[in-house]
Amino acid sequence: MRIAMVSAPTNLPSALAAALAERGHEVVVHTRRVDPDAPERQRLPSGVVVQQIVAGPVRPIVEQELAPWLGEFGRALAAAWRDDRPDVVHAFSWASGLAASAARQQLRESTLIRNGAAAAPLPVVLTFTAFGAEQHRRQGPVDPGLANRIRLEVALARSVAAVIAGSDDEVEELARMGVPRERVTLVPPGVDVSRFTPYGPSAERTDAPRLVAVGDLTPSSGFDTVIAALRGLPGVELVIAGTTSGDASEELERLRAGAEQLELADRVTFAHSAVRDPAARSALLRSADAVVCVPWHGPVGAGPVLEAMACGIPVVATAVGAVSDVVVDGVTGVQAPPRRPDQLATVIRGLLGDPVRCLGFGAAGADRARSRYEWARIAVDAERAYRALVPAALPAVDDELIHSNE
């Protein structure tokens with residue numbers, strides 16, 4: 001099957017693309033060029049091809065400011081697909097979805113002009129990486145730019161061939177947007193279980209109990225809640241392993257100031273630079289007695305939580321976004337309420353005080369990560385969603401893989 005993916009350069013779906021290529025599909029990832037030194041077309045060791053598209057200035061631009069160049073992006077995609085038409089397009093984020101939809105329409109119109117008859121429309125599948133409506137509920141009054149984005153997201157979600165949601169929370173959000181349930185497919189996030197495993201190097205640590213907090217370096221990720229919870233966890237050290245795709249200096253300064261104000265700075269360290277390297281990240285996770293992920297709003301990516309589970313580490317998490325689907329309360333970890341440092345401290349204290357329960361959660365989490373969230377399994381889920389749109393392009397999905405992992 002010929003699969004085209006459209007994505008922002010800061011969040012390429014590399015793992016899913018590689019897993020689909022491993023299953024024999026031809027996958028090309030189209031992304032906007034932000035680095036003038038990057039090759040125009042590059043074949044990765046996985047077999048996936050990354051195609052750089054010039055649309056607007058060749059530099060990083062936040063998604064909210066991409067609108068003036070999405071038409072140019074769409075025209076470039078249409079040109080690429082005119083002579084090398086994919087069977088299906090999977091766009092990631094509303095901006096990528098707009099560009100892909102524009103390219104689809106241009107292809108249809110150019111075919112009509114040349115042949116006098118329209119070709120079958122190119123099916124576009126959309127995954128939202130965030131929702132404007134959710135941001136509105138979180139921040140209150142809507143500025144004109146966000147209001148326009150919300151309208152575009154609703155129109156996109158209703159016009160594409162299918163929408164892929166990463167969690168039950170996203171399914172509910174799409175229902176609020178008026179997307180028919182039959183056009184929504186749930187495909188959860190995945191994890192590399194060959195790299196993230198209970199066995200391997202562990203980062204250096206002291207004899208003190210260690211918490212590793214994971215998530216994006218944003219105020220809504222709840223790192224300040226974990227810092228405040230340390231007041232009820234004497235002797236426990238905290239390592240904040242926050243991920244970021246941009247400049248997070250302001251958030252880091254805010255967190256450091258908060259730790260100093262609470263006189264906890266000597267027990268809080270930051271490892272945001274180390275998390276860019278998967279080997280260093282897995283070693284850090286293995287060094288933890290528990291991993292904490294306590295954001296207070298969705299959508300929230302479950303990637304770091306899945307990595308911790310795959311490493312056999314018990315998880316304490318809030319029931320938000322995809323994390324609520326991944327962490328089974330009382331089986332692979334413990335769920336805690338958001339923005340409640342006192343209750344979070346109680347939950348963590350109870351977990352750290354019960355080594356047998358920690359071992360049980362860790363073993364169950366590693367088993368769940370391997371059996372349900374391995375990228376090979378996630379690729380089958382995505383493949384099924386594509387096949388529903390172009391059944392002639394793909395042989396039957398290998399159900400043996402599914403049943404062997406259940």
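**A walk through the model**

Val-214, Ala-241, Thr-243, Val-275, Arg-281, Leu-285, Pro-304 and Glu-307 line the largest cavity; a cavity is a set of points, on a 1 Å grid over the protein atoms alone, where a 1.4 Å probe fits but cannot get out, and lining residues have an atom within 4 Å of a point. This is a predicted model, in which local features need pLDDT of at least 70 and side-chain atom pairs count only at pLDDT 80 or more, while totals for chains, interfaces and linings use all residues. Residues are numbered from 1 along each chain as its sequence is written, and side-chain values use heavy atoms, with hydrogens and water left out.

The largest cavity holds about 50 Å³ of space, a volume being the space filled by probe spheres set on the points, which are joined across faces, edges and corners. The structure has 3 cavities of 30 Å³ or more. Two or more residues of the lining of the largest cavity come from each of β10 (237-243), α9 (278-286) and α10 (303-310), where helices (H or I, at least four residues) and strands (E, at least two) are DSSP runs numbered from the N terminus. By class, this lining has 5 nonpolar, 1 polar and 2 charged residues, with Ala, Val, Leu, Ile, Met, Phe, Trp, Tyr, Cys and Pro counted as nonpolar, Asp, Glu, Lys and Arg as charged, and the others, Gly among them, as polar.

Strand β10 leads on to an open sheet of 6 strands, in the order β11-β10-β9-β12-β13-β14 and with parallel pairing; two strands pair if DSSP finds at least two bridges between them. At its edges are β11 (268-270) and β14 (333-335), each pairing on one side only. Within this sheet, β12 (residues 290-293) and β13 (residues 315-317) run parallel and are joined by 3 bridges, and Cys-293 has Ala-317 in β13 as its bridge partner. Helix α10 packs on the sheet, touching β9 (210-216), β12 and β13, and its direction makes about 155 degrees with that of β13. Such contact means heavy atoms within 4.5 Å, and angles run from 0 to 180 degrees between N-to-C directions of axes, which are lines fitted to C-alpha atoms, for helices over the stretch in contact.

An open sheet of 8 strands has the order β3-β4-β2-β1-β5-β6-β7-β8, with mixed pairing. Because β3 (41-43) and β8 (184-186) stand at the edges with a single partner strand each, one side of each is left without a neighbour in the sheet. Strand β7 (residues 162-165) pairs with β8 in the parallel sense over 3 bridges, and the partner of Ala-165 in β8 is Leu-186. Helix α2 (residues 67-82) lies across β1 (2-7), β2 (26-32), β4 (49-53) and β5 (88-92), running at about 155 degrees to β2.

Two helix pairs complete the picture. The axes of α1 (residues 14-22) and α14 (residues 375-387) come within 9 Å and cross at roughly 80 degrees, which means that α1 is roughly perpendicular to α14, a term for angles of 65 to 115 degrees. Their contact divides into 10 nonpolar, no polar and 1 charged residues. The axes of α12 (residues 341-352) and α13 (residues 355-372) come within 6 Å and cross at roughly 95 degrees, so α12 is roughly perpendicular to α13. Here Gly-350, Leu-351 and Leu-352 of α12 meet Pro-355, Arg-357, Cys-358 and Phe-361 of α13.

Conventions
Angles under 35 degrees count as roughly parallel, over 145 as roughly antiparallel, 65 to 115 as roughly perpendicular and the rest as oblique. On a 1 Å grid over the protein atoms alone, a cavity is a set of points where a 1.4 Å probe fits but cannot get out, and a pocket is an open set with protein on both sides within 12 Å along at least five of seven lines; lining residues have an atom within 4 Å of a point.
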